[in-house]
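Dear colleague,

Please find below the structure that I am handing over to you. My notes on it follow directly after.

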Amino acid sequence: MSDDLLAKLDALHEEDEYEEIVDTIMEIPAEDRDYVLISHLGRALSNLERYEEAIEQFLIIAAEGEDDPLWHYRMGLAYYYLEQYDNAQREFNIADTLEPGDEDTLEFLEWIRNKTVQKPIEDFPVELNPELITKFATDSDFANFWEDSEYAFEKYVMAPPTDDLIDSVQQELVFVLPAFYIQMMKVHNGGIPHNRIFPIVGATSEADAVTISAILGIGREKRNSLCGDLGSRHVIENGGYPEIGVVICECPSESGVVMLDYRSSGNDGEPEVVHVGKENHYKITMLAPNFEMFVRGLEKEVV
């Protein structure tokens, strides 16, 4: 990359001419864009609030950016504004390790802590179902299942669904939801579990596992619920996923989703739980024969 081009990009950045930065770099053939150019492109896309596109660009240079605190900082910023706080925290922590004490990095980490700090359940506005809470609390797998935080309650958790709401959601989805899932949602309707790793059967390493970030609740009130604006139908239609059932879990990245798969059971049967990998030509990987076994098989991430 020439010094003149670099000076032009720096000047455009100072003048907040981010669209022109994108246009200038996109005119250069992809094979001729180096680490610096792609870094400029990703930064400009972030400044235009096109965070998903920014991440796509940064990932192109991930190997070169592994030891660059600025690369991790910019990844963290994009994830933060996409509200993917787990990913953002990971990137900001790496940036802080590589360059300790950076004020901007520490500020973002503090903001993330404030958004995700756990509070006593009574501090939240959602009234949970006390009878079913007692029932589930006697089961060791569910005594401390949910990681309740201000962020989780703001984005995912809703009041327990009524029977009428459950019926209307099932009609809209055109699938009967698993009985165990409905039971769980009547206790705690959506949210972020403590254990978010599901090992794939036959896995030979920790990398052969699926990570989820949340379980969608029954309702429409929250955008991230089964029938919310960003719910199952939205994900399937906008992500190009196969029409095999219902998206039940969000994953930390946009590389895939966890779904209830009704192909073998029919729309009113007991669905399997599968992972559909967007970045692997929508490969479907079977995780568990039913939702209960999937939930009980979730493990805590090893740090």
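**Salt bridges, surface charge and individual residues**

The side chains of Arg223 and Asp229 meet in a salt bridge, with 3.9 Å from N to O. Arg223 is partly exposed at 49% relative accessibility, while Asp229 is exposed, its relative accessible area being 54%. Please bear in mind that the model is a predicted one.

**The chain as a whole**

The protein chain contains 14 helices and 7 strands. It has 303 residues, of which 48% count as buried. Its accessible surface amounts to about 15,500 Å², and carbon and sulfur atoms account for 48% of that surface. As for contacts between residues at least 6 apart in sequence, 56% of them join residues at least 24 apart.

**Further salt bridges**

A search of the whole structure gives 14 salt bridges. The pair described at the outset, Arg223 and Asp229, is joined by a salt bridge, and other pairs deserve a description as well.

Glu83 forms a salt bridge with Lys155, and their closest N and O atoms are 3.7 Å apart. Glu83 lies in the loop between helix 6 (69-81) and helix 7 (85-98), whereas Lys155 belongs to helix 10 (residues 150-155), so this pair ties together parts that are 72 residues apart in sequence. The two partners may also be described by their accessibility. Glu83 counts as partly exposed, at 36% relative accessibility, and Lys155 counts as buried, at 13%.

Arg220 forms a salt bridge with Glu172, where the closest N and O atoms are 2.8 Å apart. This pair, too, links distant parts of the chain: Arg220 is in the loop between strand 3 (214-215) and helix 13 (232-239), Glu172 is in helix 11 (residues 163-173), and the two are 48 residues apart. Arg220 counts as partly exposed at 37% relative accessibility, and Glu172 counts as partly exposed at 38%.

Which residues form the negative surface patch? They are Asp10, Glu14, Glu15, Asp16, Glu17, Glu20, Asp23 and Glu27. Helix 1 (3-14) and helix 2 (18-26) each supply at least two residues of this patch. Glu27, one of the patch residues, lies in the loop between helix 2 and helix 3 (35-47). Glu27 is exposed, and its relative accessible area is 67%.

**A buried arginine**

Arg43 is located in helix 3. Although Arg43 is buried, it has no salt bridge; the nearest side chain of opposite charge is that of Asp10, 4.3 Å away. A salt bridge requires a side-chain nitrogen of Lys or Arg within 4 Å of a carboxyl oxygen of Asp or Glu. Leaving aside residues up to four places away in sequence, Arg43 touches Asp10, His13, Phe58 and Arg74.

**Two residues with positive phi**

Glu49 is not a glycine, yet it has a positive phi of about 65 degrees. Glu49 is found in the loop between helix 3 and helix 4 (51-60), and it counts as exposed at 60% relative accessibility.

Glu83, the partner of Lys155 in the salt bridge described above, also has a positive phi, near 65 degrees, in a residue other than glycine. The position of Glu83 is in the loop between helix 6 and helix 7.

Ala152 lies in helix 10. Is Ala152 buried or exposed? Ala152 is buried, with a relative accessible area of 0%. Not counting residues up to four places away in sequence, Ala152 touches Glu147, Val157 and Ile192. The C-alpha atoms of Ala152 and Lys115 are separated by 8.8 Å, and these two residues are 37 residues apart along the chain.

With kind regards

Notes
Residues numbered from 1 in each chain as written. Predicted model: local features only at pLDDT ≥ 70, side-chain atom pairs only at ≥ 80, totals over all residues. Heavy atoms only, no water. Patch = residues over 30% accessible without salt bridge, like charges linked within 9 Å, V, L, I, M, F, W, Y side chains within 5 Å. Areas by Shrake-Rupley, 256 points an atom, 1.4 Å probe, with all protein chains shown as cover. Lys, Arg positive; Asp, Glu negative; His and termini not counted. Charge placed at Lys NZ, Arg CZ, Asp CG, Glu CD. Helix = DSSP H or I, 4+ residues; strand = E, 2+ residues; numbered from the N terminus. Buried < 20%, exposed > 50% of the residue type's maximum accessible area, 1.4 Å probe, protein only. Contact = heavy atoms within 4.5 Å.
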